[in-house]
Amino acid sequence: MSSLIEIKDMYKVYAQGDEPVHALDGVSVSIDYGEFVAIMGPSGSGKSTLLNILGCLDTPTSGSYLLDGIEVARRNRKELADIRNQKLGFVFQNFNLLPRISAVEQVELPDLYLGRLSRAKRRRRAVELLRRVGLGARGKHTPAELSGGQQQRVAIARALMNEPPVLFADEPTGNLDTKSSIEIMNLFTELSNEGITIVMVTHEDDIAAFAKRQLVMKDGKLIKDCRK
Amino acid sequence: MNFAMILKVALFAILRNKMRSFLTCIGIIVGIAAVIAVLAIGKGASVMMVKEISSMGDNLVMIWPERHRRGEVRTGMGSGQTMTADDAKAIKRELSHLVSSVSPTVNVSCQFIRNNRNWNGRVSGVSFDYPEIRNWEVSNGRFFEEHEERACSRVCVIGTTVLANLYEDGENPVGTILRIGSMPFRVIGVLSSKGATGWGQDQDDIVMAPYTTTSRILQRSKFKAINMMNVSLVSMDDLEESKREITALLRQRHQLADYQDNDFETRDTTEIMNTIGSVSGLMTVLLTAVAAISLLVGGIGIMNIMLVSVTERIKEIGLRMAIGATPAAILWQFILEAVMLSTVGGAVGVAVGIGTAHAIGEIQHWPIVIEASSAIWSFVFSSFVGMFFGFYPAYRASKLNPIDCLRYE
């Protein structure tokens, strides 16, 4: 069985001024189904660039990327949007919830673009997911009425809406206090135990410690890959 | 992404900035309202004019002698001397299958004197069947009869303006003697009031007498020249044939050779209607131009605000793309927002326009005719404006890179 994520010789070069900047400098890595991976490294090491490319938000300058058996490095915008919609879930540092709409509606969003479920089923699934992340009673609240930790739980529920095989998290605890951070990481661990693949970028060692595999990057290169 | 959902998102975005949305719509509202109001007033005026013209009489063909010329100087309509009462009689006699009645008209301007009052006005010498031809009734007394016409009787019927200026309030003029020029005439009736024509001429400022009397006694003319004649047709369906026959008959009677032009002019009510039609057609073209300009200005306003909106919500766009919104979904979201703005503007504009038209009609006592088609077209057109001017901002939004949007500060 092949890996869920398989990248080979990936380069990302930004033409910044006279000197080209190599954000990714020949990265190859593969991640299996069900893994919980933390990507670490100092700022500017290329870890966010790697995550954005893995998450199909950005395209590499060169290299190949097989996701769930399909080549995604050279896809058009529409196809990438569909891949993001069906195969990936995103959790951001700043939550990225839409202002003024309720938690349930936030969670429903991915399926509105997919249109897989009926209205009633979509609502039922959204409510169920909110209960799953521990926000059963807060479905009608808007982001402004929720704490940071609660907002991040809504974002996680939203990421799970279309049952993607993999979840990408970019500094998911960066805006949270220690208690909320640990709660979110415990939730990630539970999801991982249920078989969802999680790829997370962080620069905090104690957060990375929740993951079962750590990748360390520096200057656009992968310098360390260790499993627990 | 389903349509209802996009609609809801667009509605949300508009309601979030109520004041801004309203100001954006104003351009569209004012443009549409102006067009609706002016069209309603214009249509009202043209309907009124058409009504007035048909009140001139049905199936009517008017014939004037050619304008008199001295050298190259042309004088007024009906000033020629070429047409006579005999022409009128001949038309009635020989074209009886097409023509029901013919009334020659001889106009003279005279001083009217009654006791110590006087008035200057027009005497129209007409035939006994003139009231029938022109749908004009006598409200008091009677019109003169055929034998009075033949006998050159000095009888007359007066219009209400003349009545008001020469008689006391409540005085019955029927049976009184009115001096016209130097000749005494007996007043036998009062014409019902017809009001002013569309172009402001007071139709009630008139005295009518038999054309025979007018010609011989007031004009002291040895000839039987007339200023015009009103020919009433049996049916409007035969209009073209009737005009052709009348023209042929008059040319024959006037002994015109083939190379000579007609020495008379004919005109009928359909021609006048056509003139009004072409005037209102021109007005419609001008209004359409005004509408187009105001909608252009309104549309640019919408485009401007949509560009702002795209920049403002760039993070939202990034997030939507990240969770699977295709470029097309983003495109539609913003186009629909613009369309909604302009359509709401159009609807409000139609309402404001109808209200304004009624208010102006009320104040100025103008008739107002609002056509459903103009309201519907304004409405439809305003949504096209939204689509057209919303496209560029929406296209820009759809071309954004998700990662740039998410990183945007």
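In chain B of this predicted model, the mean position of the 38 positive charges lies 6 Å from the mean position of the 38 negative charges.

Chain B contains 13 helices and 12 strands. The globule rule gives 22 Å for 409 residues, but the radius of gyration of chain B is 33 Å, well over that value, so the chain is more spread out than a compact globule. The C-alpha trace tells the reader its extent: along the principal axes of chain B the spans are about 105 × 60 × 40 Å. Of the 409 residues in chain B, 47% are buried. The accessible surface of this chain is about 20,100 Å², and carbon and sulfur atoms account for 59% of that area. Contacts can also be sorted by distance along the sequence. Among the contacts in chain B with a separation of 6 or more, 77% are between residues 24 or more positions apart.

Next come the strands of chain B, starting with S7. Strand S7 of chain B covers residues 155-158. S7(B) pairs in the parallel sense with strand S9 (residues 183-191) of chain B, over four bridges. Within this pairing, Val155(B) stands opposite Arg186(B). S7(B) also pairs with strand S10 (residues 206-210) of chain B, in the antiparallel sense and over two bridges. Here Ile158(B) stands opposite Val207(B).

Ser139(B) belongs to strand S6 of chain B, which runs over residues 138-141. This serine has a relative accessibility of 53% and therefore counts as exposed, the cut-off being over 50%. Leaving aside residues up to four places away in sequence, Ser139(B) touches Val190(B), Leu191(B) and Ser192(B). Ser193(B) is 54 residues from Ser139(B) in sequence, yet their C-alpha atoms are 8.4 Å apart in space.

Further along chain B is helix H10, residues 314-322. Eight of the nine residues of H10(B) are buried, so this helix is largely enclosed by the rest of the structure. Among the buried residues are Ile314(B), Ile317(B), Leu319(B) and Met321(B), and also the charged residues Glu316(B) and Arg320(B). After the helix comes Gly324(B), which has a positive phi, near 120 degrees. The loop between H10 and helix H11 (327-364) of chain B holds Thr326(B). With a relative accessible area of 13%, Thr326(B) is buried. Which residues does Thr326(B) touch, not counting those up to four places away in sequence? They are Lys78(A), Ala81(A) and Asp82(A).

Chain A has an open sheet of four strands in the order S2-S1-S4-S5, with antiparallel pairing. Strand S2 (19-31) and strand S5 (70-71) of chain A are the edge strands, each pairing on one side only. Inside the sheet, strand S1 (residues 5-16) and strand S4 (residues 62-67) of chain A pair in the antiparallel sense over five bridges. One of the positions in this sheet is Tyr11(A), whose bridge partner in S4(A) is Ser62(A).

Methods:
Residues numbered from 1 in each chain as written. Chains lettered and ligands numbered in written order. Predicted model: local features only at pLDDT ≥ 70, side-chain atom pairs only at ≥ 80, totals over all residues. Heavy atoms only, no water. Rg over C-alpha atoms; globule rule 2.2 N^0.38 Å. Buried < 20%, exposed > 50% of the residue type's maximum accessible area, 1.4 Å probe, protein only. Contact = heavy atoms within 4.5 Å. Areas by Shrake-Rupley, 256 points an atom, 1.4 Å probe, with all protein chains shown as cover. Charge placed at Lys NZ, Arg CZ, Asp CG, Glu CD. Pairing = 2+ DSSP bridges.
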